[in-house]
Amino acid sequence: AGTQLGIMYEGGLSVPKDCGRAMELDRAAEGDPNALLRQALMYSSGLGVERDYLKAHELLTVAWGRGARMPGNEVFTDMFNWYLEQAQTGEVQALYNMGYVYDCGRITPQNQEAAFKWNDQAPSKGHMQAQNNEGLYYRYGSVVEKNAAEAVVCTVKAALQGFDEAQ
């Protein structure tokens with residue numbers, strides 16, 4: 001119910017338009033993947049809250065983990081452009097994020113080559129999840145030639161950095 005009422009407040013449908021109230025209602029529907037997705041959109045675009053791409057990313061990650069699907073249009077273009085801008089400066093989390101969005105096809109069309117290109121830059125900067133992902137690329141040979149030895153090296157490096165999924 002909170003999400004439906006939030007949609008009404010965001011769009012001014014039968015109630016006065018109030019993006020702040022919409023955000024409050026979506027927060028009240030905590031755990032609902034669609035409410036989380038709407039919150040991410042609001043943070044990404046600055047609707048009813050101060051624009052905060054990091055918070056939007058956190059909410060998107062949780063929403064995706066709970067099964068939310070991206071809308072058909074490119075509502076997260078600003079966020080993608082922010083990731084890209086940060087990644088081009090070499091910011092390690094942004095490099096990983098770019099790999100992630102291309103790998104999953106959630107903000108952009110899925111593109112494994114682009115995912116590997118971005119992800120491949122993060123392990124040398126200490127990103128343990130990117131290190132583990134690189135091991136998976138080598139293990140399965142999806143973009144690079146299969147190389148079991150390199151896969152093990154990457155996975156062990158991620159495990160030594162404390163990445164639980166690599167252990």
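Visitor: How many helices and strands are there in the protein?
Guide: This is a predicted model, and its secondary structure comes to 9 helices and 0 strands.

Visitor: What fraction of the residues is buried?
Guide: Of the 167 residues in the protein, 41% are buried.

Visitor: Which residues have the most contacts inside the largest nonpolar core?
Guide: That core has 34 residues, and the ones with the most contacts inside it are Leu-60, Met-79, Met-98, Tyr-102 and Ile-107.

Visitor: And which elements give two or more residues to this core?
Guide: Helices α3 (33-45), α4 (53-65), α5 (77-88), α6 (92-104), α7 (112-119), α8 (128-140) and α9 (148-160) do.

Visitor: Take Met-98. What is it in contact with, leaving aside neighbours within four places in sequence?
Guide: Met-98 touches Phe-80, Tyr-83, Leu-84, Ala-87 and Trp-118.

Visitor: New topic. How many aromatic pairs does a search of the whole structure find?
Guide: The search finds 3. In one of them, Phe-116 and Tyr-138, the ring centres are 6.4 Å apart and the planes stand at 85°.

Visitor: Why is that pair edge-to-face?
Guide: Plane angles over 60 degrees count as edge-to-face, so the 85° between Phe-116 and Tyr-138 puts the pair in that class.

Visitor: Where do the two residues lie?
Guide: Phe-116 is in helix α7 and Tyr-138 is in helix α8, so the pair ties together parts 22 residues apart in sequence.

Visitor: Are they buried or exposed?
Guide: Both Phe-116 and Tyr-138 are buried.

Visitor: Which residues form the aromatic cluster?
Guide: Phe-116, Tyr-137 and Tyr-138 form one cluster.

Visitor: Last one, the surface. How much of it belongs to carbon and sulfur atoms?
Guide: The accessible surface comes to about 9000 Å², and 50% of that belongs to carbon and sulfur atoms.

Notes
Residues numbered from 1 in each chain as written. Predicted model: local features only at pLDDT ≥ 70, side-chain atom pairs only at ≥ 80, totals over all residues. Heavy atoms only, no water. Core = buried A, V, L, I, M, F, W, Y, C linked by side-chain atoms within 4.5 Å. Buried < 20%, exposed > 50% of the residue type's maximum accessible area, 1.4 Å probe, protein only. Helix = DSSP H or I, 4+ residues; strand = E, 2+ residues; numbered from the N terminus. Contact = heavy atoms within 4.5 Å. Phe/Tyr/Trp six-rings, centres within 6.5 Å; stacked < 30°, edge-to-face > 60°. Areas by Shrake-Rupley, 256 points an atom, 1.4 Å probe, with all protein chains shown as cover.
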